[in-house]
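This short report is for a reader meeting the structure for the first time. Please look over the sequence and the model before reading on.

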Amino acid sequence: MFETLKNAFKVKEIRKKIFITLLLLLVYRVGCYIPVPGLDSSEFSSLFSGDSANNFLTLMSAVTGGALSQGTLFALGIGPYINASIIMQLLAVGIPALERLSKQGEEGKKKIAAYTRILTLVLAIVQSIGVIINFANQSSAINTAPFWDQTWLAYAFMAIVYTAGAMLTMWLGERITEYGVGNGISMIIFVGIISTAGQQLIIAPIQDTIANGFSASTLVSIIIFCVLAVIIFALIVTVDLAERRIPVQYAKQVKGRKMYGGQSTVIPIKISGSGVMPLIFAFAIISLPDLIMGLFTPNWSGYDWYSTNISGGTGPWAWAYILVLCLLIFAFSFFYAQIQFNPEDISKSIQQNGGFIPGIRPGKPTADYLKKISNRITLFGAIFLSLVAFIPSLVFSFVGEGFVNVFSTTGILIVVSVALEFDKQLQSKLMMKNYKGFLK
C-alpha cells in the first residue's frame, strides 16, 4: 500500500485527486467541530458515557468522529444517506419497477440516486427531530432561554441545522466520489472512525499526562493495545481477502470464420462478501427498543431496567441480548448474500455463453451447486461477523476500559475494507495511466 501511495504521488493527475479528497475530508472534519447555538455540548456528550449509553448511538457517534456525541453541525453525519441507500437496495429487490430501473444502465442509476437523495432528506428530518426530542427528554442539554421564548421554535431551528448538516455531508461524499479517489461515503466513515481512535490513543493520553503526570501504566496499555490491534487487523485482512474460486470451462464455438471460447476462468465468491451490512442491520434493529423508549418514555422504570440488565451488557439478561444479536447477524448475512449473489442468474449466464463447471451439469444442477457453496461460505462469514462483534471488545477490555470503544464492533471491518478499496482504486488509476502511456 505504501508503495502504491508513493507511485500515485508521482503522477500529477492522481496527486491532484488525492489532494482534492484530503481537502474535502478536511472540510468535513471542520464541520464536525462547529457548535449549534442553544445546545450545551457537555450535557450532550454525557449521554454517551456510562452504562446507560445506547449501543447504536455510540456506534453512530464513532462513525461521525464524535460529532454526534458533541451535538455539532455534522452530528447526523452520513447516517441518513447510508440508511436511505440500504432502504433503496431492499426496495429494489421487492419492487419490480425499481429492479428494472437498476438494470437500465447509467440512466437508471441516476434516477435511483435522485430517489436516494430525496429519501435521505426525509430520513435526515426524522432523525434530527428524534435525536433532539430524545436528548431533550433525558437531560438539559438544550437551552432555549437565550434565543426563543417558544421551545418548539428552538427544536425546529436545530432540526433544520442538523438536516442541513446531513445533506452537506452527503454532498461532500458525492464530490469525493466524482473528483477524488475512492468512494466518498466510505472515506467519510473511515475518517470519522480513525479520528475517534486518534482521540482515544493520542489526545486523551496527552490530556491525562498533563493533568496527572506521566503514567507508565498508560504507556504500557497503549503498547499492548496497538499490538492486539495489529493482530486483529491482520486476521480481518486475511478473511476479507479470502475467497472461494469456482472453476468454469467454456467450450469452443465457431462463429463465422473465427473460433471463440475454449478458455478457463473462475467465479470468485468472497467469504465476507456482504461486508459490514449485516452488522449495521443487526445493531439498528436490536437498538430500536432503546431508541423508542428513550424517545417516548425516558422516565419509565422499565426503560431503566432494560438499559441496565439487557442492552447494557452487564445484567443477568445480557446473554439474551447477545443471542438475539447473533441471530440477527446470521439472518441478515444470508439475506444480504441472496441480494448480492443470485445462483440462478449466474447459472443461466454460464449456460448461455457455452460454459460449465467441471463435473456439474449445466442448468439447474449448476444453480443448486452454486447455492450450496454460497450457503456454506455465508455461514462461515456470519460466524466471522459474530466473532468480530464481540471478541475485539473482550480483548481490549483486558487492556483498559478506555480502549474498548476506540474502534466500534463494525468500525474495524469498515476501516479495513475502505483501506483495501482505496488501495485498489489507486492501483487501477495507475494501471490506466500506464495503458494510456503505452497507447501513446
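## N342 and its contacts

The side chain of N342 makes a polar contact with the side chain of D345, at 3.3 Å; a polar contact is a pair of N or O atoms within 3.5 Å, where within protein one must be able to donate a hydrogen and the other to accept it, and residues adjacent in sequence count only if both atoms are side-chain atoms. N342 sits in the loop between α15 (318-340) and α16, and it caps the N-terminal end of α16, with a side-chain oxygen 3.1 Å from the backbone nitrogen of E344.

N342 counts as partly exposed because its relative accessibility is 30% (buried means under 20% relative accessible area, exposed over 50%, partly exposed in between, with a 1.4 Å probe and protein chains only).

## Helix α16

Within helix α16 (residues 343-352), P343, S347 and I350 are buried. These residues cover an arc of only 65° around the axis, which puts them on the same side of α16. Just after α16, G354 takes a positive phi of about 75°.

## Confidence and conventions

The model is predicted, so local features need pLDDT of at least 70 and side-chain atom pairs count only at pLDDT 80 or more, while totals for chains, interfaces and linings use all residues. Residues are numbered from 1 along each chain as its sequence is written, and side-chain values use heavy atoms, with hydrogens and water left out.

The mean pLDDT (the predictor's confidence in each residue, from 0 to 100) of the protein chain is 75, and 72% of its residues reach 70 or more.

Conventions: Helices (H or I, at least four residues) and strands (E, at least two) are DSSP runs, numbered from the N terminus. The arc is that of the directions from the helix axis to the C-beta atoms.
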